[in-house]
Structures are given as structure tokens and as C-alpha cells.
Amino acid sequence: MRIKFTLLKNRSKHKLYHHVQWNLTFLFTGITALVLFSMIFAYLYMSEKEWHEKSFLSFLNTSNTMITNLEHQDTLQFSWLSTVSHYENYIVAVYDNGTLLSYCEANLSEHEKSEADSALAAARPDLSYSSTSDTSSRKDFTFVSDTGNTYYANAAQFGPGSSPLFTVILYSTHDLASQLHEQRLRFLAGGITGLFLLLLFTYFYIGKLMAPIQENQKKQTEFIAAASHELRTPIAVILASLSAFRKADKEAGTRFLMTIEKESRRMSALVNDLLLLSKTSGTLCDFTMEKTELDTLVLNTWECFLPLASEKNMHLDIELPEGTVPPCLCDAARITQLLGILISNAVSYGKKGGVIKLSLSHSSPYFVLTCQDNGCGISDQAKPHIFERFYREDASRSKKEHFGLGLCIAKEIAEAHSGYITVSDTPGGGATFTVYLRNTSSKNIT
């Protein structure tokens with residue numbers, strides 16, 4: 001039942017993250033779409049407005065040229081009409097006293113005649129002939145016919161009202177409208193394609209951004225579960241011992257009290273480790289940084305662990321540089337704790353009669369501390385995980401006195417000193433932990 005509940009809980013979290021991922025994707029894509037299409041619409045509006053203005057200006061130049069040529073002709077020639085009638089997309093109609101000339105009658109289609117008649121009817125109220133100036137009266141306008149077609153139109157009147165000559169020049173904007181429509185479709189297709197690609201990119205990019213959050217949530221859940229499990233064992237033993245102590249005689253009661261004390265100390269050590277991990281987190285806020293003689297510190301640590309190594313029938317060797325080692329700006333107590341963790345692990349997982357070697361060297365800009373043993377070693381599968389909280393390799397890292405926090409604490413201490421820690425195989429078997437501490441000056445410490 002617990003496994004089933006855990007699976008359902010994990011699925012629920014996965015669905016939640018998936019839902020958040022899609023919501024963020026749609027939000028980002030929607031905002032981008034709003035900005036993108038606003039820019040597209042603004043560009044299309046300005047572009048189409050400019051196209052219309054240029055097209056209408058071109059029509060005005062052409063129609064003015066036609067009217068000017070007509071004004072300078074004493075007699076209207078069909079050859080001129082034949083020439084101007086071949087302008088592409090143009091309809092040219094000439095009316096003598098309201099009647100369409102025979103040439104135009106013969107060469108224009110019924111549809112074109114109808115469009116010209118409608119345009120003339122629309123413009124005629126605004127046309128008037130001035131005998132004093134002896135010039136034509138003209139009107140340039142945009143004309144929408146009854147059939148829905150749009151034209152640039154020019155209507156002109158020559159001669160007095162008793163025998164007027166009218167010309168109508170129409171330019172169909174159908175091709176221009178088609179070009180503008182194609183442009184809109186291209187921009188729309190490009191915008192939709194771009195948004196689709198952006199949607200996919202945003203979805204996967206947000207997924208990448210959320211991956212560390214999911215991983216952190218997963219580790220936090222695992223951390224709480226592991227901490228609860230580790231605390232549950234000593235608490236259960238303490239409660240059981242207290243229950244038995246009430247019924248036991250004096251001799252048995254003493255044994256139960258010793259068990260309670262032992263488990264209480266074990267639980268206290270676990271809590272202290274958890275508090276230390278919560279305080280480090282790669283910062284120096286809880287560290288006292290002072291210039292420290294590392295060779296002296298390593299030597300003192302070695303002397304402290306000699307009895308423990310001897311008790312386990314192990315040899316604890318030390319190797320220090322022959323020359324002078326410059327002072328290291330560090331927290332001496334934390335570095336001692338780090339070395340203690342490495343030596344304690346080497347003693348716990350080493351083999352009887354084995355050798356543990358503690359060494360110090362200096363290679364600018366790092367001080368290098370090494371703890372080497374010839375025990376059972378660490379498998380390649382476990383190496384990437386041994387610095388994780390509560391991790392213990394099944395085969396060899398399952399001793400009761402270890403919670404799987406030591407190496408994690410060592411890593412945090414090293415990183416708080418702008419350094420790092422690595423693990424490798426000892427030639428012939430075993431594990432070698434190497435700590436690199438950066439030689440920072442006091443002005444770099446914050």
C-alpha cells in the first residue's frame with residue numbers, strides 16, 4: 001500500500017509540474033504573440049498605407065499626363081485613344097455631350113462601360129467648365145462601383161455645358177489588393193509558424209529550467225524521508241528500552257539505561273550533522289577564517305586518531321612537506337572536522353592490518369590534503385553519489401554508526417573554503433580522497 005501511495009503521490013507531483021510547465025509556456029507564448037502580432041499589424045498598416053499612397057500618386061501622374069495631352073489636341077484622334085487604352089488595368093472612356101464615343105463603344109466591354117458610366121455619374125456634380133481659363137475641370141477620387149470593385153478614378157470635363165467633352169480614367173486596384181492580401185498571408189503564416197516554434201522551444205526550455213526545481217524537490221523529499229528513517233530507529237530503541245526498564249531488575253535496568261544513553265548520543269550526533277549541513281550551504285557565515293599552519297593542524301589530527309587506528313589494528317601514516325608551508329586562511333576547527341570524517345571512514349571501512357596515509361602538499365593556488373586507504377574501495381557506480389546526503393553503498397557503507405552524512409559535510413566544508421573534494425581508487429585497492437583548499441587572502445573573505 002505504501003508503494004502504491006508513493007507512486008500516486010509522485011504522479012500527482014509530476015502532473016502538477018507538467019501543468020505549471022504548460023501554463024508558463026502559454027503565458028510566455030501569449031505575451032510574445034501579443035507583441036509580435038501588434039508589430040506585424042502596425043507594419044502591415046504602415047506598409048499598405050504607403051503602397052496605396054504610391055499607387056495613387058502613380059495613377060495621378062499617369063492620368064494627368066493623359067489629360068494634359070488631351071488638352072493640347074485640337075481634334076480628338078483615335079490613335080491617341082488606342083495608345084492610352086493599352087495601359088494595363090486602365091479603363092479610358094470619352095463622352096461627347098454625354099454619349100460614349102464610337103471607338104470606346106467598340107473597344108470597351110459592357111462591364112467596363114458600366115463602371116465608367118457609374119464613375120462619371122458620381123463625379124459629374126463636382127465638374128464645371130471655366131470659359132475664362134479655358135481649362136478642363138477634373139476630379140481625382142477613389143471609386144467603389146456597384147459591383148464592389150475599387151478603382152482610382154479621374155473624371156474631367158472639357159468645353160462648356162452646352163457641348164461638353166468628358167473623360168473617365170479608371171485604374172483597377174485588384175492587383176494591388178491581391179499583392180497586399182498575399183503579403184498578409186505571408187506574414188500570418190510566418191507569425192503562426194514562428195509562434196508554433198516558439199511554443200515548442202518555450203515548453204522544452206521551461207522544462208529545462210524546472211528540472212533543477214523538480215530535482216531539488218525530489219532531493220528534499222528524499223532527505224526528509226531519510227532523516228525521519230534515521231531518527232526513527234534510535235527513538236524506537238529508546239522507547240522500547242524505557243518500557244523494559246520499568247519492569248527490569250537493577251542489573252538489567254543498568255543495561256537498558258546504557259542502551260538509552262548510547263542511542264541518545266547517536267541521535268544527538270545525527271541532529272548535529274543535520275544542523276551543520278543546514279548552516280554551511282557553501283557560505284562562510286558560520287566559519288571563523290584565520291591564518292592556520294596546515295602542517296601543524298594535519299599533524300595534530302594524525303596524533304588524535306592514532307589510538308583509534310591502533311584499536312582497529314591499522315597503521316596511520318603521515319606525510320608532510322619538507323619545506324615551509326605558507327599559512328592557509330581557513331576555519332581550523334572545520335578543516336579538522338573534515339580530516340576527521342575522512343580518517344573515520346577509512347578506519348571504519350578499511351581492512352585489519354591495513355594502512356591509512358594522511359598527507360599534505362602545496363601547489364599554488366591550492367593546498368592539497370589526501371587521505372588514502374587500502375580497504376574495500378568504492379565502486380564506480382557509487383562514486384558519483386557518495387557525497388549525497390544519506391547515501392551509503394549497500395555492500396560496504398552500511399555500518400550502523402554512519403548515517404551517510406559525513407562525506408556530504410566534508411564536501412560542504414571544502415566548498416565553503418572555495419575548494420572541492422574528489423575520490424579515486426587507491427592503486428592495489430581502496431579509496432583515496434583528495435581535498436583542494438584555495439589559498440585565499442583575507443580580502444577575499446566575505
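1. Helix axes here are lines fitted to C-alpha atoms over the stretch in contact, and angles run from 0 to 180 degrees between N-to-C directions. The model is a predicted one. On that basis, helix α7 (residues 294-311) and helix α8 (residues 332-349) have axes that come within 10 Å and cross at roughly 40°. Angles under 35 degrees count as roughly parallel and those from 65 to 115 as roughly perpendicular, and α7 and α8 are therefore oblique to each other. The crossing of α7 past α8 is right-handed.

2. The α7 side of this contact consists of Leu294, Leu297, Val298, Thr301, Phe305 and Leu308. From α8 come Ala332, Ile335, Thr336, Leu339, Gly340, Ile343, Ser344 and Val347. By class, the residues of the contact of α7 with α8 are ten nonpolar and four polar, with no charged residue.

3. Helix α8 also packs against helix α9 (residues 406-416), at an angle of about 145° and with the axes 9 Å apart. Here the crossing, α8 past α9, is left-handed.

4. In the α8 and α9 pair, α8 supplies Arg334, Ile335, Gln337, Leu338, Ile341, Leu342 and Asn345. Their partners in α9 are Gly406, Leu407, Ile409, Ala410, Ile413 and Ala414. The contact of α8 with α9 divides into nine nonpolar, three polar and one charged residues. Ile335 of α8 is listed in the contact with α7 and again in the contact with α9.

5. Val435 lies in strand β12 (residues 431-438). Its relative accessible area is 0%, and buried means under 20%, so Val435 is buried. Setting aside neighbours within four places in sequence, Val435 is in contact with Leu338, Leu342, Phe367, Val368, Leu369, Ala414, Tyr420 and Ile421.

6. Val435 and Ala414 are 21 residues apart in sequence, and their C-alpha atoms are 7.0 Å apart in space.

7. On cysteines, the disulfide count is zero, where a pair of cysteine sulfur atoms would have to lie within 2.5 Å. Cys304 has 60% relative accessibility and so counts as exposed, the threshold being over 50%. Cys371, at 2% relative accessibility, counts as buried.

Conventions: Residues numbered from 1 in each chain as written. Predicted model: local features only at pLDDT ≥ 70, side-chain atom pairs only at ≥ 80, totals over all residues. Heavy atoms only, no water. Helix = DSSP H or I, 4+ residues; strand = E, 2+ residues; numbered from the N terminus. Parallel < 35°, antiparallel > 145°, perpendicular 65-115°, else oblique. Left-handed = near helix turned anticlockwise from the far one by under 90°. Contact = heavy atoms within 4.5 Å. Nonpolar A, V, L, I, M, F, W, Y, C, P; charged D, E, K, R; others polar. Buried < 20%, exposed > 50% of the residue type's maximum accessible area, 1.4 Å probe, protein only.
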